[in-house]
Amino acid sequence: MSSILQSSSAHLVSDGNIYAPTLFGYQRRETIPVSIGDLMLGSDFPIRIQSMTTVDTMDTHGSIEQSIRMIDAGCELVRITAPSVKEAQNLENIRKGLRAKGYKTPLVADIHFTPNAAELAARIVEKVRINPGNYADKKRFETIEYTETSYQAELERIRDKFLPLVKICKEYGTAMRIGTNHGSLSDRILSRYGDTPLGMVESALEFLRICEDENYFNIVLSMKASNTQVMVEAYRLLSKKLADGQFKAYPLHLGVTEAGEGEDGRIKSAVGIGTLLEDGLGDTIRVSLTEDPEFEIPVAKDLVNRYVGRNHPNAPIPSLLNLPAGFDSPINPFAHSRRKSAELLNFGGHQVPRVLADFSNLKSIGMEDLKAIGHFYLPEPDKWAMNDLGADYLYTGALDLDFMLPNGLKQIQSSKTWLASSTSEHQFPLFEAEEWLLSSKKHNQLNFVHADAEEVWTNEVLINALKSAQKEVLVLSSSFSNRMAALRRAFFELETQGIDIPVVIRLNYQDIASDQFQLFAPTDAGALFIDGFGDGLMLSLAGLQVQSSLENSTNFGILQACRVRISKTEYISCPSCGRTLFDLQETTARIRQVTDHLKGVKIGIMGCIVNGPGEMADADYGYVGIGKDKIALYRGQEVVKKSVPADSAVDELIQLIKEDGIWKDPQETNN
Ligand code: SF4
């Protein structure tokens, strides 16, 4: 059981685990208001949408035109990189150009390493973003032993470097974001706290204390990471530490760094940002895609608009009883740990979460239809093949199949069909909970039992039966408008009742666009998988068109984004900005084309050497711009090929992967 009371990380939370206003409904975390020019930010205001320009900051016209495209798309805050004083100075021209065209949207200067650029920008634009990992420190990848005295001396050094900026911001009414990135923590923080959510939080708090000492509070905080588990845990811990440490309740800026592009980037962003929005955390968001910034805005809007007018579920969800004071959940929300479930066939225990495809709404099912869920019939050798996104189970409802399923795919039937006509050991029934309680006939190996989340905390007969269930997998769905909270509550009930039955999360969506489906499902399911819940996932999108392929790739995409089942290559590609040294979109597409069959390999694609290596800390290989048409290739954190011409860098990357014995030729079935 992943109880907080038994957790190895209990020292983090020994004084409680409350980090959000409620886990059983929707309520925004209350914050102080922050003013960014005329734009107000915080819990009394809508969740603001922002993005960042990608053109060179010295290209005044290009920056203005791109900012206008972003603003017209709905961007409420435009961030622009200022790597040195000359770019900081040029923010003035960009600002004037925008104002001359009637655009009053506040601008944010993005600063890394250069206090002098920050101090200048703070006099020009409405907000300055600093990275506490590199504002006062250069990265040397050193582990340093600190005594209490030497650590205090370091904090004094930071104060001396940072204080001038704080004073300028105060004088000019400029807002500030203290924006921690998981990939660029200072050597000092890494030495003391390690590469952890706690280190990320402390990195920001070191700077925040200096601001509060100066009575400067116009501050927003962020805790971004490419790893969604780390990102969610860091924001939650920050929220709790602010409350515990008697800091003011500063607004939070949410984002997943280097989320990538296309479907994967959207799903990953929704898992990280959506999970926190569900908790009521977050006052402004930026979706970082390796695409033009105006394409980030509709994604951000869809994520945020879901919460407009959302307050409470259509019926109250009762909170848990019998937890110690200061606890509102039986798990540790600050460290991922999978719920312990019993292993049954390929469910639960140490098995990866399973993907269940729902074909019950089709009129009929032919062999060709299975292509959409990763299973291919090859007539020539007369056998089935499967790609990395091959579903594990197929729910056929009341439909019959007139062919044999491949070995890797098992059939689930509606209980009525199974009871009436099942002929094979390899067909399993899906019962409604009440039916299952009454049925005298059950499968001798595996039965699926569907229940609404609410039944888990209201139906005592069901709870008692689940306690002794041996051959069952529970399929949980919810009809609550706030379905994630209801499902979470059901998992909490199972946890506190000591019920270890494997659980499949089933989410049905009706009449929403496929774009929204790929944001809402990752939000709802992601929030649960991040908390360690779920032994399987079954998504359905009902509408006019057959959506099997979309449902399947979203199922696998969510599990990958939550890092609970890796089925494809992971790309950690930066969104690009004014520092970018090559065409990131084109290069990412080229690298993806030749490597997307390398299941489980993580490839970082970073536009510049300044932040790239830190930001892709998690990657197995890195492709980093170091100069015009010059690329450095990394193995983990180590540079292995310096200054490779851009023309041959993708081939060199493949060569590097081959040298490590990881390369495989693409399979026919993946094409
Ligand atoms: S890594 Fe990418 S987004 Fe980050 S500073 Fe460099 S070019 Fe800009």
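Me: Is Cys 562 buried or exposed?

Reply: Cys 562 is buried, because its relative accessibility is 0%. Buried means under 20% relative accessible area, exposed over 50%, and partly exposed in between, with a 1.4 Å probe and protein chains only. Note that this is a predicted model: local features need pLDDT of at least 70, side-chain atom pairs count only at pLDDT 80 or more, and totals for chains, interfaces and linings use all residues. Residues are numbered from 1 along each chain as its sequence is written, and side-chain values use heavy atoms, with hydrogens and water left out.

Me: And Cys 574, buried or exposed?

Reply: Cys 574 counts as buried, because its relative accessibility is 10%.

Me: How many disulfides in the whole structure?

Reply: Zero, from a search of the whole structure. The criterion is a pair of cysteine sulfur atoms within 2.5 Å.

Me: Switching to rings. How many aromatic pairs?

Reply: The structure has 19. Rings of Phe, Tyr and Trp (its six-membered ring) pair if their centres lie within 6.5 Å; planes under 30 degrees apart are stacked, over 60 edge-to-face, the rest tilted.

Me: What sits over the ring of Tyr 151?

Reply: The charged end of Arg 192, 3.8 Å from the ring centre. The test is NZ of Lys or CZ of Arg within 6 Å of the ring centre and within 35 degrees of the ring normal. Tyr 151 itself is buried, at 3% relative accessible area. Arg 483 also lies over a ring face, that of Tyr 509, at 4.3 Å from the centre.

Me: Which residues do ring pairs link into a cluster?

Reply: Phe 24, Phe 491, Phe 492 and Phe 533.

Me: Now the largest nonpolar core. Which members touch the most others?

Reply: Phe 162, Met 176 and Ile 285, out of 159 residues. A nonpolar core is a set of buried Ala, Val, Leu, Ile, Met, Phe, Trp, Tyr and Cys residues joined through side-chain atoms within 4.5 Å. Another core lies apart from it, with 29 residues, among them Cys 574, Leu 633, Leu 653 and Trp 663.

Me: What does UniProt place at residues 570–658?

Reply: An unreviewed UniProt entry puts "domain: IspG C-terminal" there. UniProt positions follow the numbering used here, feature names are shortened, and annotations may be inferred rather than shown by experiment.
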